[in-house]
Amino acid sequence: MAQEFPDYLNVDYGDGDGESPEDYPSLEHKIEKAIEVTKTGLEEYENPAVMWTGGKDSTLTLYFVKEVCEQFDLELPPTVFIDHFQHFEQIHDFVDHWADEWDLEVIYARNEDVGDYVDANGLEPGDDVPVSELSEHNRHHVRDILEYEEDTFPFLLDTYVGNHLLKTVALNDALEEYEIDGILSGVRWDEQEARADETFFSPRHDPEIYPPHDRIQPILHFDERSVWDAFWHFVLPETVEGYPEGHVPQSDTDLPDGMTQADVPISPKYFAGFRSLGSEVSTEKSAENPAWLQDIENTTERAGRAQDKEDLMERLRDLGYM
């Protein structure tokens, strides 16, 4: 990481402070701001990357990155995919497929130390992992940063220790290894209370906690409905040949011109009723119909996620979680 960080940057860390999705009333307003933030991020940072989970928000962010790079002749940055060992298999398939279709460089961020122990001992999600068997690096995070005192922790993503080791440590190690100074992320104000005070350019500069970097957040001002509207009116018509603008599929078979799920950059889990994608063992579908046909305005987007992690979100974010 460059020693002068962040002195070479010219970004407004207060951009978006005190705002909400209502300050961007139309989809056009939202897209205009997203393009502005994306362009600034790609031009200002020396070594940016895109956080890509395979979910709708990060895929929409990736769409803006691709469009801005093409329009302004900028280099397409790599994507970072956190492999926490508990993904739905369809997520891996989706990421692999569209990385190939869009010619993306994917950095797979993994906590190999935990993964190797789990594989060597045939553990399943929920089984205990002894802290003493971890590397010095991971023990430091468990004992000194998390101040966790138990002898073991469960191999589960949506827990305090599990989430930190499998996602945050994996991400921070990748940021350091690849000297990433700005990571474009698909977080939104309305998605989770702990994210409501974020700004479009959010500093993470404390070297005691994470490799100094910034979070660049182009769709912060989108709500769940506008994310899906952007897919039907822009993402699919502009990335899938023959997709008619504004067509909203009513099911996985209601795609135009003989298209299948594999032809559109939308995870099949959304077609199956999931509204938020977490781990395979702790995320459930919200309803039987596709995510965008559910009662988005009157129900909670992350209701299908394990709530112990949701309740810890603010502290996890202080430690570097997205």
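**View 1. Arg188 is buried, with 0% relative accessibility.** Here buried means under 20% relative accessible area, exposed means over 50%, and partly exposed lies in between (1.4 Å probe, protein chains only). The side chain of Arg188 meets that of Asp190 in a salt bridge, 2.9 Å from N to O. A salt bridge is a side-chain nitrogen of Lys or Arg within 4 Å of a carboxyl oxygen of Asp or Glu. Asp190 is partly exposed, at 37% relative accessibility. Arg188 and Asp190 also belong to a network of salt bridges with Lys56, Asp57 and Glu301. The model is predicted: local features need pLDDT of at least 70, side-chain atom pairs count only at pLDDT 80 or more, and totals for chains, interfaces and linings use all residues. Residues are numbered from 1 along each chain as its sequence is written, and side-chain values use heavy atoms, with hydrogens and water left out.

**View 2. Two further salt bridges join Glu191 to Arg195 and Glu224 to Arg275.** In the pair Glu191 and Arg195, the closest N and O atoms are 2.8 Å apart. Both of these residues are buried. The side chains of Glu224 and Arg275 meet at 2.8 Å, N to O. Glu224 lies in helix H7 and Arg275 in the loop between helix H8 (268–271) and helix H9 (307–311), so the pair ties together parts that are 51 residues apart in sequence. Helices (H or I, at least four residues) and strands (E, at least two) are DSSP runs, numbered from the N terminus. Glu224 and Arg275 are buried. A search of the whole structure finds 14 salt bridges.

**View 3. Helix H1 (residues 27–44) packs against helix H7 (residues 224–239).** The angle is about 85°, and the axes are 11 Å apart. H1 is therefore roughly perpendicular to H7, a term for angles of 65 to 115 degrees. Axes are lines fitted to C-alpha atoms, for helices over the stretch in contact, and angles run from 0 to 180 degrees between N-to-C directions. H1 brings Leu27, Lys30 and Ile31 to the contact, while H7 brings Ser226, Asp229, Ala230 and Phe234. Contact means heavy atoms within 4.5 Å. By class, four residues are nonpolar, one is polar and two are charged. Ala, Val, Leu, Ile, Met, Phe, Trp, Tyr, Cys and Pro count as nonpolar, Asp, Glu, Lys and Arg as charged, and the others, Gly among them, as polar.

**View 4. Helix H4 (residues 112–120) has the buried residues Val114, Gly115, Tyr117 and Val118.** Seen down the axis of H4, these residues fall within an arc of 165°, so they line one face of the helix. The arc is that of the directions from the helix axis to the C-beta atoms. Their cover includes strand E4 (128–130), helix H5 (136–145) and helix H6 (160–177). Asp119 and Ala120 are exposed on the face of H4 turned away from its buried side. Just after H4, Gly122 takes a positive phi of about 60°.

**View 5. Asn111 sits in the loop between strand E3 (106–109) and H4.** Asn111 is buried, at 4% relative accessibility. Not counting residues up to four places away in sequence, Asn111 touches Phe85, Asn138, Leu165, Val169 and Ala170.

**View 6. Gly242 sits in the loop between H7 and H8.** Gly242 is partly exposed, with a relative accessible area of 46%. Leaving aside neighbours within four places in sequence, Gly242 is in contact with Asp257 and Met259. Gly242 and Met259 are 17 residues apart in sequence and 9.3 Å apart in space, C-alpha to C-alpha.

Definitions and conventions:
Parallel < 35°, antiparallel > 145°, perpendicular 65-115°, else oblique.
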